[in-house]
Protein chains: 2
Amino acid sequence: MSVLVVGSVAYDSVVTPSGNRQDSLGGSATFFSVASSYFTDVSVVAVVGDDFKSKDIDFMKKHGVDVSGLEVCQGGKTFRWSGVYSEDVNTRETLETQLNVFADFSPKIHCEQKRTPFLFLANIDPDLQFSVLSQMDERPQLVALDSMNYWIEGKNCSLNKVIESVDLLFVDEGEARAIAGEFNLIRCAEHIMRLGPQTIVIKRGEHGVLVFHGSVIFSAPGFPLTNPLDPTGAGDSFAGGFIGYLSASGDLSLNGFRRAAVIGSVMGSFAVESFGLDRIGSLTVADIDARFRAFTELSQFQPLDERESLLN
Amino acid sequence: MSVLVVGSVAYDSVVTPSGNRQDSLGGSATFFSVASSYFTDVSVVAVVGDDFKSKDIDFMKKHGVDVSGLEVCQGGKTFRWSGVYSEDVNTRETLETQLNVFADFSPKIHCEQKRTPFLFLANIDPDLQFSVLSQMDERPQLVALDSMNYWIEGKNCSLNKVIESVDLLFVDEGEARAIAGEFNLIRCAEHIMRLGPQTIVIKRGEHGVLVFHGSVIFSAPGFPLTNPLDPTGAGDSFAGGFIGYLSASGDLSLNGFRRAAVIGSVMGSFAVESFGLDRIGSLTVADIDARFRAFTELSQFQPLDERESLLN
């Protein structure tokens with residue numbers, strides 16, 4: 001099966017305790033599509049300016065990403081974001097956001113993309129997210145959504161309309177609390193489920209993720225790293241691994257979601273290990289399998305047999 | 001096998017967002033011994049004043065805890081601690097610590113306790129911890145240690161001498177960083193291992209625990225609770241489940257430590273569900289097995305077979 005992603009393709013400038021990087025390829029749709037490209041066919045819908053480098057298009061093509069939906073706006077400038085990370089790289093401050101060509105972005109879905117079975121609405125204006133969903137010829141098998149506090153606070157009604165229409169929501173703890181108006185994460189997930197989506201994935205950075213799927217909770221650990229370098233794009237790489245695996249396996253059972261969460265965590269952990277797409281863009285099959293096995297080592301233990309007791 | 005614990009038996013007063021509790025039974029040795037009593041024989045070495053209620057001694061006895069080493073100091077007053085928890089119960093502020101009879105505590109180990117194979121040195125003055133270890137007739141099979149920032153800052157040399165002599169250290173993130181002088185938790189664990197203990201358990205509250213055992217890292221999740229009531233004693237209940245299970249199973253392999261971490265997390269999660277020892281002191285075998293199975297549900301996923309790949 002295949003995945004369609006609508007989001008940003010951008011140039012990022014970051015300052016981290018380990019160094020700086022100017023105008024490196026980034027954006028939610030870029031991280032997502034490269035991460036998911038290891039698992040599935042993926043098409044990007046986004047806009048860039050005529051300053052967008054051909055080597056960056058080549059990089060995405062090299063990963064098999066379908067860029068026919070990547071609009072190049074002549075005379076426009078590519079979206080730019082810059083930020084600075086704290087000493088422990090757990091928090092960041094945005095220094096500047098230049099929307100540029102993104103300010104007037106109106107995503108258009110090609111005919112051949114209108115029946116894609118998996119759709120990821122990356123973090124953009126919820127009105128645009130809704131317009132993408134409306135352009136689909138048939139309801140995709142799975143629609144997943146990401147957003148941010150900016151839209152939760154500024155376009156609450158529009159965002160709620162999208163949330164009501166999707167199957168799966170990716171949020172961080174602060175976003176979950178802002179949407180639900182609750183502090184406790186279980187109550188947050190229950191609140192959001194009442195709005196529509198039946199799967200809520202709460203991303204907790206180095207503390208891993210919590211997946212709420214119906215009445216079940218699954219926890220995937222964060223991968224302990226000696227030297228986390230740059231968390232930019234880790235959330236979108238997580239989503240790329242998660243949705244990419246679901247698309248490849250077609251397994252939308254609870255066990256499929258469990259594995260998807262671990263594979264998302266695998267891809268997120270790679271993203272943090274280098275600046276930009278350096279690591280996530282240069283993985284081998286063996287790298288991915290080995291990291292998945294490392295997650296198994298990290299979190300598996302001997303369960304109780306059906307009739308066994310811990311105390312006897 | 002059996003466990004010996006040296007620590008505090010106390011009366012705690014807490015203020016939490018869900019309510020208050022005055023002078024309820026607490027203390028590190030109390031939580032530890034009650035939690036471990038479900039798994040193994042356990043003896044307490046501690047001191048109380050003559051204000052200590054006979055019903056509280058009966059409570060410990062009812063759990064099979066050997067209280068022959070609980071010294072009652074005539075004319076003295078039992079150790080008291082009071083604190084107030086933040087809105088999310090993740091942090092707390094100590095309002096008052098009255099050492100009382102604990103100020104002159106000098107633990108004496110009975111003859112029949114001097115060959116106990118498992119020893120837990122709960123958070124007390126490191127000089128006292130060292131004196132307990134010195135009183136043992138033979139080196140226990142496993143010595144585990146807990147401490148706090150107060151001793152890390154105030155009695156660093158004494159504490160280091162104890163750390164060098166133990167097999168396992170329980171710490172929270174802040175304590176690990178203070179001991180190691182490093183921020184990254186992997187580096188902290190490596191640093192502490194060079195001091196002596198080969199197993200470092202870093203407790204992260206609602207985010208679970210990381211166990212560093214030789215070159216292996218194991219992560220047990222925090223148990224998601226809708227209504228965490230009072231975290232007092234959760235760390236000692238965790239240690240009680242952890243060491244209690246190791247003692248009962250005699251399994252000091254890597255797999256034993258993995259299970260011990262989950263069972264510790266089971267007991268810690270019960271401790272948080274009520275004030276003081278209300279829940280941890282009234283569990284059934286079925287409760288403990290069911291919570292262990294819930295941890296399995298929470299964290300297990302389908303691993304890769306030996307020759308399988310995620311991408312094919």
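Which residue of β3(A) stands opposite A:A10? The residue is A:G26.

## Basis of the model

This is a predicted model, in which local features need pLDDT of at least 70, side-chain atom pairs count only at pLDDT 80 or more, and totals for chains, interfaces and linings use all residues. Residues are numbered from 1 along each chain as its sequence is written, and chains are lettered from A and ligands numbered from 1 in the order in which they are written.

## Strand β2 of chain A

Helices (H or I, at least four residues) and strands (E, at least two) are DSSP runs, numbered from the N terminus. β2(A) pairs with β3 (residues 19–26) of chain A in the antiparallel sense over six bridges; pairing requires that DSSP finds at least two bridges between the strands. Two residues lie between β2(A) and β3(A) in a hairpin.

β2(A) also runs parallel to β6 (residues 80–85) of chain A, joined by five bridges. Here A:V15 stands opposite A:V84. Because five of the seven residues of β2 (residues 10–16) of chain A are buried, the strand is largely enclosed by the rest of the structure. Buried means that 20 or more other C-beta atoms, placed from the backbone, lie within 10 Å of the residue's own.

## The hairpin in chain B

In chain B, β2 (residues 10–16) and β3 (residues 19–26) pair in the antiparallel sense over six bridges. A hairpin of two residues joins β2(B) to β3(B), and B:V15 stands opposite B:N20.

## Contact between the chains

Chain B and chain A each give 39 residues to the contact, counted where C-beta atoms, placed from the backbone, lie within 7 Å. On the side of chain B that touches chain A, α10(B) gives the most, with nine residues.

How values were computed: Contact = placed C-beta atoms within 7 Å. Buried ≥ 20, exposed ≤ 12 C-beta atoms within 10 Å, placed from the backbone.
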